[in-house]
Amino acid sequence: GAKWTYSGPYGEQSWSRSFPFCGGAFQSPIDFQTPILRYDPALSPIEVKNYNLPPSEQLTMSNNGHSVKLSLPSSMHISSMPYRYSASQLHLHWGSSSLLEGSEHTINGKQFPAELHIVHFNSDKYSNISVALDKSDGLAVLGILIEVGNFNPAFDRFLKYLNGVKFKDQKVQIAAFNIRELLPDGLHEYYRYDGSLTTPPCYPSVLWTVFKNPVTVSRQQFLSLATSLYSSSSQESAPEPLNRNFRKTQLADNRVILVSFQQ
Ligand SMILES: NS(=O)(=O)c1c(F)c(F)c(S(=O)(=O)CCO)c(N[C@H]2CCc3ccccc32)c1F
Ligand SMILES: [Zn+2]
């Protein structure tokens, strides 16, 4: 597809030229501002199934030039939503060694150092994610905000392989692990709204669930994520660092953001 980046002439202000939905409604990410939040007691705790993958399984970790992503088996799924949403992949957004602000969603204007996204598709209605991608009930993404603090052994299960995917289109097979350990302890407190993919093609097809409680990684783990990767391929002459790969927050318009918790 058409080239897009996070800075320069192909940056987010230009996305809508090649990807019209990027200039449309229901765009993500957004800033969770207290005045537009509404408590919804019907929002039940998120339940995930088969997230505890056996180490005998292997996952493909790859650098696609926009993020580092991990392929996930469709046996992993979210069971607490009206439809079953089966896992497809997880990826991250982060700042840089000089910018500890790289999350996509923000809370009352606070941007976190990074954010993890676990992308799922509605497997009750659609046979695969490519078919589900542009359907209004097609995708469900879990957003996990990341702070710098204590070392996180679960994140290290894949961060330790970053040097194997330094350049665009590089892939490595890694031992699977318990993906549930990447999530915060409590899955009962979260923000919920209808939004979009935060990258082109920006389809308004995502039911967003962003957990209120961040997880932590150590400063060294954050720096490893922020400085190990390049968006350019190994053959290219000028290596382009892969960092600050987050979209700015979009207008909420008259969208109400539901929250499962009371202030
Ligand atoms: N923040 S986000 O959750 O909206 C989001 C991303 F930020 C992101 F980078 C990617 S990607 O596939 O790594 C690269 C762009 O396609 C996807 N990938 C999605 C979109 C396209 C596609 C096709 C097959 C499987 C997953 C995806 C994504 F859903
Ligand atoms: Zn994402």
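# Disulfide, helix face and ligand site

User: How many disulfides does a search of the whole structure find?

Analyst: A disulfide is a pair of cysteine sulfur atoms within 2.5 Å. A search of the whole structure finds one.

User: What pLDDT do local features need in this predicted model?

Analyst: Residues are numbered from 1 along each chain as its sequence is written, chains are lettered from A and ligands numbered from 1 in the order in which they are written, and side-chain values use heavy atoms, without hydrogens or water. The model is predicted: totals for chains, interfaces and linings use all residues, side-chain atom pairs count only at pLDDT 80 or more, and local features need pLDDT of at least 70.

User: Is the disulfide of Cys22 and Cys202 right-handed or left-handed?

Analyst: The sulfur atoms of Cys22 and Cys202 are 2.1 Å apart. The torsion about their S-S bond is about 85 degrees, so the disulfide is right-handed.

User: How many residues apart are Cys22 and Cys202?

Analyst: Helices (H or I, at least four residues) and strands (E, at least two) are DSSP runs, numbered from the N terminus. Cys22 is in the loop between helix H1 (15-18) and strand S1 (31-32). Cys202 is in the loop between strand S13 (190-195) and strand S14 (206-211). The pair thus links distant parts of the chain, and the separation is 180 residues.

User: Is Cys202 buried or exposed?

Analyst: Buried means under 20% relative accessible area, exposed over 50%, partly exposed in between (1.4 Å probe, protein chains only). Cys202 has 0% relative accessibility, so the class is buried.

User: Which residues of helix H4 line one face of the helix?

Analyst: On the other side of H4, Arg219 and Gln220 are exposed. The buried residues of H4 (residues 219-227) are Gln221, Phe222, Leu225 and Ala226. Seen down the axis, they fall within an arc of 130 degrees (taken from the directions from the helix axis to the C-beta atoms), so they line one face. An α-helix has 3.6 residues a turn, so residues three or four places apart point the same way. The residues on that face are Gln221, Phe222, Leu225 and Ala226.

User: Which helix do the buried residues of H4 pack against?

Analyst: Packing rests on contact, meaning heavy atoms within 4.5 Å. The strands packed against are S5 (68-71), S7 (85-94), S10 (114-122), S11 (139-148) and S15 (215-217). The helix is H3 (153-159).

User: Which side chain places an N or O atom 2.7 Å from a nitrogen atom of ligand 1?

Analyst: Of the 14 residues around ligand 1 (a heavy atom within 4 Å), Asn64, His93, Leu197, Thr198 and Thr199 come nearest. A polar side-chain atom of Gln89 lies 3.3 Å from an oxygen atom of the ligand, and one of His91 lies 3.4 Å from a nitrogen atom. The side chain at 2.7 Å from a ligand nitrogen is that of Thr198.

User: How much of the accessible area of ligand 1 does the protein cover?

Analyst: Accessible areas come from the Shrake-Rupley method with a 1.4 Å probe; for residues, only the protein chains shown count as cover. On its own, ligand 1 has 540 Å². The protein covers 86%.

User: Which side chain joins that of His105 in a polar contact of 2.6 Å?

Analyst: His105 lies in the loop between S7 and strand S8 (106-107) and is buried at 0% relative accessibility. Beyond four places in sequence, it touches residues including Pro29, Glu115, His117 and Trp208. A polar contact is a pair of N or O atoms within 3.5 Å; within protein, one must be able to donate a hydrogen and the other to accept it, and residues adjacent in sequence count only if both atoms are side-chain atoms. The partner at 2.6 Å is Tyr193.

User: Which backbone nitrogen does the side chain of Asn122 reach?

Analyst: Asn122 is in strand S10 and is buried at 0% relative accessibility. Beyond four places in sequence, its contacts are Tyr83, Arg84, Tyr85, Asp137 and Gly138. At 3.0 Å, its side chain reaches the backbone nitrogen of Lys125.
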